[in-house]
Amino acid sequence: MPAKSKAQQKAAGAALSAKRGDTPKSKLKGASKQMVESMSEKQLEDFAKGSTKGKPEHAD
């Protein structure tokens, strides 16, 4: 399921980076902190991929 907003996509990308060990988990903020613990790497990939074109900055 792809992200519904640019903010969700950015958070998923940050969480994915931490899950893979590229970014320290201590650098995460907000939703990405919860995402890294509650979602698998495959779920984060699906959420983070895709174009941001036409997506709102924040979901309702």
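This report describes the fold, the helix packing and selected residues of a predicted model.

## Overall architecture

The protein contains three helices and zero strands, and its elements follow the order α-α-α from the N terminus. Its radius of gyration is 11 Å, close to the 10 Å that the globule rule gives for 60 residues, so the protein is as compact as a globular protein of that length. Taken along the principal axes, the box filled by the C-alpha atoms is roughly 30 × 20 × 20 Å.

Of the 60 residues, 28% count as buried. Among contacts between residues at least 6 apart in sequence, 62% join residues at least 24 apart.

## Helix H1

Helix H1 covers residues 6–19. After H1 comes Gly 21, which has a positive phi near 90°.

The buried residues of H1 are Gln 9, Ala 11, Ala 12, Ala 15, Leu 16, Ser 17 and Ala 18. These buried residues pack against two helices, H2 (31–38) and H3 (41–48).

## Packing of H1 against H3

The axes of H1 and H3 lie 8 Å apart, and the two helices pack at an angle of about 145°. Their crossing is left-handed. On the H1 side, the contact is made by Gln 8, Gln 9, Ala 12, Gly 13, Ala 15, Leu 16 and Lys 19. On the H3 side, Glu 41, Leu 44, Glu 45, Phe 47 and Ala 48 take part. By class, the residues of this contact divide into six nonpolar, three polar and three charged.

Several of these H1 residues, including Gln 9, Ala 12, Ala 15 and Leu 16, are among the buried residues of the helix. Gln 8, which also belongs to the contact, is partly exposed.

## Leu 44 in helix H3

Leu 44 is found in helix H3. Its relative accessible area is 0%, under the 20% cut-off, and the residue is therefore buried. Not counting residues up to four places away in sequence, Leu 44 touches Ala 12, Ala 15, Leu 16, Lys 19, Met 35 and Met 39. Of these partners, Ala 12, Ala 15, Leu 16 and Lys 19 are also listed on the H1 side of the contact between H1 and H3.

Leu 44 and Ala 3 are 41 residues apart in sequence, and their C-alpha atoms are 9.6 Å apart in space.

Ser 5 is placed in the segment before H1. With a relative accessible area of 1%, Ser 5 is buried. Leaving aside neighbours within four places in sequence, Ser 5 is in contact with Lys 55, Pro 56, Glu 57, His 58 and Ala 59.

Ala 7 lies in helix H1 and counts as partly exposed, at 25% relative accessibility. Ala 7 and Glu 37 are separated by 30 residues in sequence and by 18 Å in space, C-alpha to C-alpha. Gln 8, likewise in helix H1, is partly exposed with a relative accessible area of 25%. Its contacts, not counting residues up to four places away in sequence, are Ala 3, Met 35, Phe 47 and Ala 59. The C-alpha atoms of Gln 8 and Lys 25 are separated by 17 Å, and the two residues are 17 residues apart along the chain.

## The loop between H1 and H2

Gly 30 is found in the loop between H1 and H2. Its relative accessible area is 52%, over the 50% cut-off, and Gly 30 is therefore exposed. Gly 30 and Ala 11 are 19 residues apart along the chain, and their C-alpha atoms are separated by 8.2 Å. Ala 11 is one of the buried residues of H1.

Terms used. Residues are numbered from 1 along each chain as its sequence is written. This is a predicted model: local features need pLDDT of at least 70, side-chain atom pairs count only at pLDDT 80 or more; totals for chains, interfaces and linings use all residues. Side-chain values use heavy atoms; hydrogens and water are left out. Helices (H or I, at least four residues) and strands (E, at least two) are DSSP runs, numbered from the N terminus. The expected span of a helix is 1.5 Å times one less than its number of residues. Buried means under 20% relative accessible area, exposed over 50%, partly exposed in between (1.4 Å probe, protein chains only). Contact means heavy atoms within 4.5 Å. Axes are lines fitted to C-alpha atoms, for helices over the stretch in contact, and angles run from 0 to 180 degrees between N-to-C directions. A crossing is left-handed if the near helix is turned anticlockwise from the far one by less than a right angle, and right-handed if clockwise. Ala, Val, Leu, Ile, Met, Phe, Trp, Tyr, Cys and Pro count as nonpolar, Asp, Glu, Lys and Arg as charged, and the others, Gly among them, as polar. The radius of gyration is taken over C-alpha atoms; the globule rule is 2.2 Å times the number of residues to the power 0.38.
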